[in-house]
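Please consider the following protein chain together with its three-dimensional model. The account below is intended to be read with both in view.

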Amino acid sequence: MLGHLGINVSDLVAAKAYYDELMPLVGFETFFANDDEVAYRPADGKRGTYLFLYPSIVQSDYSRHATGLQHLAFMVGTRSAVRAVHDHVVAVGGTVLHAPREFPEYPPPYFATFWLDPFGLMLEAVCHHDTD
């Protein structure tokens, strides 16, 4: 199991505002926040990988198509949670790549939505259950 992931962002204040709204929808809560890092952990004492955000020291263009991180997937417990994340992304003006649907090309059951965060990072909310 991964202990944590660290991601550099070009604007930590904007990233904190964005992820503070998103993370509860995918089962995370704030672990801590200060001027040079923000961290989230699985909510309600659940085990799992923590996510840390740091301000970029060197500015560069990010592309999920280049070598490096391609996307992050958050497992949620229900298909309605996938739809709720999608509705949130649409409400905040996010770029949706795939609306909620089944993905038969992946081992079933696989119900997911994909979108870009404000920094171009592809995110996914996925449910591995057939029902809500």
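The paragraphs that follow move from a helix to the nonpolar cores, then to the aromatic rings, and finally to an arginine and several features of the backbone.

The model is a predicted one. At the start of α1, Asp 11 places a side-chain oxygen within 3.2 Å of the backbone nitrogen of Val 13. The spacing follows a general rule: an α-helix has 3.6 residues a turn, so residues three or four places apart point the same way.

The largest nonpolar core has 27 residues, of which Tyr 19, Met 23, Leu 53, Trp 115 and Leu 123 touch the most other members. Two or more residues are contributed to this core by each of β1 (4-9), α1, β3 (37-42), β4, β5 (71-75), α2 (79-91), β7 (111-116) and β8. Helix α1 gives the largest share, namely five residues. A second core of seven residues is separate and includes Tyr 110, Ala 112, Leu 116 and Val 126.

Two residues show how segments of the chain meet. Phe 114 lies in strand β7 and is buried, its relative accessible area being 5%. When its neighbours within four places in sequence are set aside, Phe 114 is in contact with His 71, Val 96, Leu 97, His 98, Phe 103, Met 122, Leu 123 and Glu 124. The C-alpha atoms of Phe 114 and Glu 21, by comparison, are separated by 17 Å, and the two residues stand 93 places apart along the chain.

The model contains 10 aromatic pairs. In one of them, formed by Phe 32 and Phe 52, the ring centres are 5.8 Å apart and the planes stand at 70°; the pair is therefore edge-to-face, since the angle is over 60 degrees. This pair links distant parts of the chain, as Phe 32 belongs to strand β2 (residues 28-34) and Phe 52 to strand β4 (residues 50-55), 20 residues apart. The two partners fall into separate accessibility classes: Phe 32 is partly exposed at a relative accessible area of 26%, whereas Phe 52 is buried at 11%. Both rings belong to a cluster in which ring pairs link Phe 31, Phe 32, Tyr 50, Phe 52 and Tyr 54. Elsewhere, Arg 101 lies over the face of Phe 103, 3.8 Å from the ring centre.

Which residues does Arg 79 touch, leaving out those up to four places away in sequence? They are Glu 102, Pro 109, Phe 111, Cys 127, His 129, Asp 130, Thr 131 and Asp 132. Arg 79 is located in helix α2 and counts as buried, because its relative accessible area of 9% is under 20%. Its side chain makes a polar contact of 3.2 Å with the side chain of Glu 102. The side chain of Arg 79 also reaches the backbone oxygen of His 129, at 2.8 Å.

His 129 is situated in the segment after β8 (122-127) and is partly exposed, with a relative accessible area of 41%. Although His 129 and Arg 79 are 50 residues apart along the chain, their C-alpha atoms are separated by 7.4 Å. With residues up to four places away in sequence not counted, His 129 touches Gly 77, Arg 79 and Pro 109.

Another loop, between β3 and β4, holds Asp 44. Phi of Asp 44 is near 60°, a positive value in a residue other than glycine. Asp 44 is classed as exposed because its relative accessibility of 67% is over 50%.

Conventions: Residues numbered from 1 in each chain as written. Predicted model: local features only at pLDDT ≥ 70, side-chain atom pairs only at ≥ 80, totals over all residues. Heavy atoms only, no water. Polar contact = N/O pair within 3.5 Å; in protein donor to acceptor, adjacent residues only side chain to side chain. Helix = DSSP H or I, 4+ residues; strand = E, 2+ residues; numbered from the N terminus. Buried < 20%, exposed > 50% of the residue type's maximum accessible area, 1.4 Å probe, protein only. Contact = heavy atoms within 4.5 Å. Phe/Tyr/Trp six-rings, centres within 6.5 Å; stacked < 30°, edge-to-face > 60°. Lys NZ or Arg CZ within 6 Å of the ring centre and 35° of its normal. Core = buried A, V, L, I, M, F, W, Y, C linked by side-chain atoms within 4.5 Å.
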